[in-house]
Amino acid sequence: MAQSVSAFQAAYITIEVLIALVSVPGNILVIWAVRMNQALQDATFSFIVSLAVADVAVGALVIPLAILINIGPQTEFYTCLMVACPVLILTESSILALLAIAVDRYLRVKIPLSYKNVVTPKRAALAIACCWIVSLLVGLTPMFGWNNLNKMRTQEANASHTPFVIRCQFENVISMEYMVYFNFFIWVLPPLLLMLIIYLEVFNLIRKQLNKKVSSNSSEPQKYYGKELKIAKSLALVLFLFALSWLPLHTLNCITLFCPSCRTPSILTYIAIFLTHGNSAMNPIVYAFRIKKFRTTFLQIWHQYICCETDKNVNNLDNTELGNWPVERAGTVPDVPYNDLQKTL
């Protein structure tokens, strides 16, 4: 029998759809920009593409499934479990992509001379593949047995092994012990703390370089580390927004597990869910406002492909931010990292 949708559920569905309508096109635009602009095709931005792919999947897959779970149809237990697991996979993928970005920024400022020899395209691709494999293992752990099947059978006084039909809701199938002890305490909180330490060290290294007494002919290193500081701040903001979006929901999960008698207002749960899904729409906005190469490429895509206007500067995207310095001084800069300036931002 079809289930009626309340006015509150209709409002919830409307907000979720709006988030998806911002998230999917915005992150597709990020992927498009990296593919279109040669200056964005390095290790850092390949990790950003991985993050954008996860965010597209949140808008295109997780949000529709979340709406389905909110309605709560009657389904077989493992069918509902399969509906609940994608959000776990994509959350972990986003966290590991953010961690890879943080490590990449650290290597850029710690070993600038040998960075390109250490972080090769093949190694970056391997790191991305490892991130997704680990995310699949972490997110699919409930499918391997750490779930609420036995608990639900006990509550329903149904000990048979026939297909078990339940009302499909996240908390009915996903174990809160898994969410807190395994997902949050091992795979969310430690990576976030590690990223915080990495970015603090990145800022410390950059400021040390910028505060050095420089000679008259060392403006290029200053420019290099100045650019690194700017992009590190932008990517640290992405990390901050991710933590701000996901920690409230994990905090509510901890309250549910450690204080079973505590009643959490449903409105707080819905706000926490909106924050987690809304985070998938935030990153393209951050890139547009904070990273000029992204902003320039977004505008180029808009004018050339959306408005069908001819832009004479279509072939000049790589040098929009740094002028003609790398071209004019080609062959005169001895150190590798300063030749890579045009791919830094």
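Helices (H or I, at least four residues) and strands (E, at least two) are DSSP runs, numbered from the N terminus. This is a predicted model, in which local features need pLDDT of at least 70 and side-chain atom pairs count only at pLDDT 80 or more, while totals for chains, interfaces and linings use all residues. Residues are numbered from 1 along each chain as its sequence is written, and side-chain values use heavy atoms, with hydrogens and water left out.

Q: Which helix gives the most to the lining of the largest pocket?
A: A pocket is an open set of points on a 1 Å grid over the protein atoms alone, where a 1.4 Å probe fits, with protein on both sides within 12 Å along at least five of seven lines, and lining residues have an atom within 4 Å of a point. The largest pocket holds about 1,400 Å³ of space, a volume being the space filled by probe spheres set on the points, which are joined across faces, edges and corners. Of its 46 lining residues, those closest to the centre are Phe170, Glu171, Met176, Asn253 and Thr269. With eight residues, the most is given by H10.

Q: Which helix gives the most to the lining of the largest cavity?
A: A cavity is a set of grid points where the probe fits but cannot get out, and the largest cavity has about 80 Å³ of space. Its lining includes Asp55, Phe242 and Trp246, and at least two residues each come from H2, H3, H10 and H11. The most, four residues, come from H3.
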